[in-house]
Amino acid sequence: GNERDCPHDEGGGGCLHYVMTIQDFVAHPEGSDSSNHLPEVFWSGALHGNERVGPTAVMEAAALLLEAASCESKPLKPNKHNG
C-alpha cells in the first residue's frame, strides 16, 4: 500500500503493521539460551486483507492466552480433590 491506503497511520509510506511478542521474560530473559529455543507462532489478523474481524480476533485470542497463563501461574488452592 501507500499513504493513501491508510490515511490515519502517520510516519510511514504505507500502512503500519503491528507485531506483538508474548513471552515470559522473567523465566526466559531476552537473548538467553532458553529464550532462543522457545517455539514461535505467527497469528495473522489479515489473512485475506479485507476482513475487519481478523485483527480483533487475534487480539482476543492473545488476551485469552494471557488470561489462561495467568491462571496457570497461580498456586493451586487445596481442596477436597487435591489435598
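A residue counts as buried when its relative accessible area is under 20%, as exposed when that area is over 50%, and as partly exposed in between. Ile 22 has a relative accessibility of 39% and is therefore partly exposed. These values, like the others below, refer to a predicted model.

Ile 22 is placed in the segment before helix H1, which spans residues 33-36. Ile 22 also belongs to a nonpolar patch on the surface, together with Met 20, Val 41, Trp 43, Met 59, Leu 65 and Leu 66. The accessible area of this patch amounts to about 690 Å².

Other residues of the segment before H1 can be considered in turn. Val 19 lies in that segment, and its relative accessible area of 77% is over the 50% limit, so Val 19 is exposed. Along the sequence, Val 19 is 44 residues from Ala 63, and their C-alpha atoms are 15 Å apart in space. Thr 21 is likewise located before H1. With a relative accessible area of 56%, Thr 21 is exposed. Between the C-alpha atoms of Thr 21 and His 8 there is a separation of 24 Å, while the two residues stand 13 apart along the chain.

Ser 32 is found in the segment before H1 as well. Because its relative accessibility is 19%, a value under the 20% limit, Ser 32 counts as buried. The Ser 32 side chain has a polar contact, at 3.2 Å, with the side chain of Ser 34.

The description now turns to helix H1. Asp 33 is part of this helix and is exposed, with a relative accessibility of 57%. Asp 33 and Thr 21 are separated by 12 residues in sequence and by 17 Å in space, taken from C-alpha to C-alpha. Ser 35 also lies in H1, but its relative accessible area is 14%, and Ser 35 is therefore buried. The side chain of Ser 35 is joined to that of Gln 23 by a polar contact of 3.0 Å. Asn 36 is another residue of H1. At 54% relative accessibility, Asn 36 is classed as exposed. In sequence, Asn 36 and Thr 56 are 20 residues apart, and the distance between their C-alpha atoms is 29 Å.

The largest share comes from H2, which provides eight residues.

Notes: Residues numbered from 1 in each chain as written. Predicted model: local features only at pLDDT ≥ 70, side-chain atom pairs only at ≥ 80, totals over all residues. Heavy atoms only, no water. Patch = residues over 30% accessible without salt bridge, like charges linked within 9 Å, V, L, I, M, F, W, Y side chains within 5 Å. Areas by Shrake-Rupley, 256 points an atom, 1.4 Å probe, with all protein chains shown as cover. Salt bridge = Lys/Arg side-chain N within 4 Å of Asp/Glu carboxyl O. Helix = DSSP H or I, 4+ residues; strand = E, 2+ residues; numbered from the N terminus. Buried < 20%, exposed > 50% of the residue type's maximum accessible area, 1.4 Å probe, protein only. Polar contact = N/O pair within 3.5 Å; in protein donor to acceptor, adjacent residues only side chain to side chain.
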